[in-house]
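This briefing is meant to be read beside the sequence and the coordinates.

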Amino acid sequence: GTLIYIFIRETLKMGDKSEMAWGILLSAIGFGSVIGSFIIGVKVKNYPNPFKLFLNVLILDSIALGIFVFNTYFPLSIGLFVVLGCIGAAHMIILNTVLQKTIPDENRGKVFSVLEMINGPAGVLSILLGTAAATVIT
C-alpha cells in the first residue's frame, strides 16, 4: 500500500488528488472482489482441476501487475484494480476450497491455524519492507 500511493502521486501524476485516487482504486479492488467471488464461485465447482485454475489465476495476476507497473493512465489503473480484486478473491476461494476438500475434518483447524500464523507476520513484514523501500525511493 505504501508504494502504491507513491506510484499514484509520481507515475500517474495525480498530485493533490492522490488520496482521492487511492480511495477510488481501493473501491475498484472491492468491486472486483465481489465480481470475482461470483465468477470463481461458479467456476471452481465445475472446474475439473482447481490447481490448473489456480495457476491460470496466478498467470493473470502477473500479467495484470505487469501492465499496472508500466501504466501511466489512471482510468486503466481503475480497470486493472478491478481485475486484481477479482484475482484476489479467486486466490482465496480456490485455496480454501482445495484445502477444505483435501484435509480431513479433524485436521482442518490446525492447518488453517498454521496458515494464519504464516500470513499474519508476512503482512506486517511487507508493511515494514514497503515503508523502508518508500523511504529509500523518496
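The points below are grouped by topic and refer to a predicted model.

**Helix α2 and the annotated spans**

- Helix α2 comprises the 29 residues 18-46, which at 1.5 Å a residue should span 42 Å, and because its end C-alpha atoms are 41 Å apart, the geometry agrees with that expectation.
- The residues of α2 that are buried are S18, A21, L25, A28, G32, G36, I40 and V44.
- According to the UniProt annotation, which comes from an unreviewed entry, the label "transmembrane region" covers residues 20-41, 53-74, 80-99 and 111-137.
- Over the span 20-41, the chain in this model is 100% helix and 0% strand, with its end C-alpha atoms 31 Å apart.
- Over the span 53-74, the corresponding content is 86% helix and 0% strand, and the end C-alpha atoms lie 30 Å apart.

**A nonpolar patch on the surface**

- A nonpolar patch on the surface is formed by L55, L58, I59, I63, I67, Y73 and L76, which together have about 640 Å² of accessible area.
- Helix α3, made of residues 50-70, gives the most to this nonpolar patch, contributing five residues.
- One of the patch residues, L55, is found in helix α3, and with a relative accessible area of 47% L55 counts as partly exposed, since that value falls between the 20% limit for buried and the 50% limit for exposed.

**Salt bridges**

- A search of the whole structure finds two salt bridges.
- In another salt bridge, D105 pairs with R108, and the closest N and O atoms are 2.7 Å apart.
- D105 and R108 are three residues apart in helix α5 (residues 105-137), and therefore about one helical turn separates them.

- S77 lies in helix α4, which covers residues 74-102, and S77 is buried, with a relative accessible area of 0%.
- D61 has its place in helix α3, and D61 counts as buried because its relative accessible area is 17%, the cut-off for buried being under 20%.
- With residues up to four places away in sequence again not counted, D61 touches L84, I87 and H91.

**A positive phi in a loop**

- K13 lies in the loop between α1 (2-10) and α2, where K13 is exposed, with a relative accessible area of 67%.
- The phi angle of K13 is near 55°, which is a positive value in a residue other than glycine.
- For context, most residues other than glycine have a negative phi.

Key: Residues numbered from 1 in each chain as written. Predicted model: local features only at pLDDT ≥ 70, side-chain atom pairs only at ≥ 80, totals over all residues. Heavy atoms only, no water. Patch = residues over 30% accessible without salt bridge, like charges linked within 9 Å, V, L, I, M, F, W, Y side chains within 5 Å. Areas by Shrake-Rupley, 256 points an atom, 1.4 Å probe, with all protein chains shown as cover. Salt bridge = Lys/Arg side-chain N within 4 Å of Asp/Glu carboxyl O. Helix = DSSP H or I, 4+ residues; strand = E, 2+ residues; numbered from the N terminus. Buried < 20%, exposed > 50% of the residue type's maximum accessible area, 1.4 Å probe, protein only. Expected span 1.5 Å × (residues − 1). UniProt positions renumbered as here; feature names shortened; annotations may be inferred. Contact = heavy atoms within 4.5 Å.
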